[in-house]
Amino acid sequence: MSERPAPPTRDQFKQFYPISTRWNDTDSYGHINNAVHYQLFDTAVNQWLIETGLFDPAQSDAIGLVAETGCRYHGEILFPSVISVGLRVEHLGRSSVRYAIGLFADDQQVAAADGFFVHVYVDRHTRRPVPISDSLREAMSALQG
């Protein structure tokens, strides 16, 4: 059995988004429910895409569909907390991108959770893979680390 990798630290990410936890994010064990971690991943990735001005969820011809995702949990996140969601691009393919994501509770330097999110870009109407546009590829390249 291989040794579990150490949790990532803040310096391993290029972009951060602060997101406050909500009361209903908490489960019966008193910490943020594991499903919320994936919502935070999705929110940060899509916020970055929209802020770049290169993606409009209602109008863009190409859309990124989630093909794969995963999360490793290193510690609890409690309510109330402000989570800094760290983002970087790990791999940039012809029609796909793999984001690395870290969740940092309050001012912690080590991630309470980390994971990945793979988007495959497809035509909005046919749902067939399409190449990532040059302008989006350039923005994604700036997030590689």
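Contact here means heavy atoms within 4.5 Å. All views are taken from a predicted model.

View A. Setting aside residues up to four places away in sequence, L103 touches H37, L40, F41, I77, I83, S84, V85, A111, A112 and A113. L103 is also one of the residues that touch the most other members of the largest nonpolar core.

**View B. The largest nonpolar core, a set of 34 residues.** The members that touch the most others are W48, L49, Y99, I101, L103 and M140. At least two residues of this core come from each of β1 (15-20), α1, β2, β3, β4, β5 and α2. The biggest share is that of α1, which gives seven residues. In soluble globular proteins, nonpolar side chains tend to be buried together.

**View C. Helix α2 (residues 134-142) and what covers its buried residues.** L136, A139 and M140 are buried in this helix. Seen down the axis of α2, the buried residues fall within an arc of 100 degrees, so they line one face of the helix. An α-helix has 3.6 residues a turn, so residues three or four places apart point the same way. On the other side of α2, the exposed residues are D134, E138 and A142. The cover over the buried residues of α2 includes α1 (34-51), β3 (82-92), β4 (96-105) and β5 (113-123). M140 belongs to the largest nonpolar core as well, and is among the members that touch the most others there.

**View D. The largest pocket and its lining.** This pocket has a volume of about 170 Å³. The elements that give two or more residues to its lining are β2 (62-73), β3, β4 and β5. Of the 16 lining residues, R72, R88, E90, D114 and G115 lie nearest the centre of the pocket. By class, the lining divides into eight nonpolar, three polar and five charged residues.

**View E. D106 in the loop between β4 and β5.** Phi of D106 is near 50 degrees, a positive value in a residue other than glycine. Leaving aside neighbours within four places in sequence, D106 is in contact with R10, P80, S81, V82 and S84. D106 and I19 are 87 residues apart in sequence, and their C-alpha atoms are 9.9 Å apart in space.

**View F. The cis peptide bond between F79 and P80.** Omega of this bond is about -5 degrees. P80 has its place in the loop between β2 and β3.

**View G. R127 in the loop between β5 and α2.** R127 is not a glycine, yet its phi is positive, at about 65 degrees. With a relative accessibility of 46%, R127 counts as partly exposed.

How values were computed:
Residues numbered from 1 in each chain as written. Predicted model: local features only at pLDDT ≥ 70, side-chain atom pairs only at ≥ 80, totals over all residues. Heavy atoms only, no water. Buried < 20%, exposed > 50% of the residue type's maximum accessible area, 1.4 Å probe, protein only. Helix = DSSP H or I, 4+ residues; strand = E, 2+ residues; numbered from the N terminus. Arc of directions from axis to C-beta. 1 Å grid on protein atoms, 1.4 Å probe; cavity = no way out; pocket = protein on both sides within 12 Å on 5 of 7 lines; lining within 4 Å. Points joined across faces, edges and corners; volume = space filled by probe spheres on them. Nonpolar A, V, L, I, M, F, W, Y, C, P; charged D, E, K, R; others polar. Core = buried A, V, L, I, M, F, W, Y, C linked by side-chain atoms within 4.5 Å.
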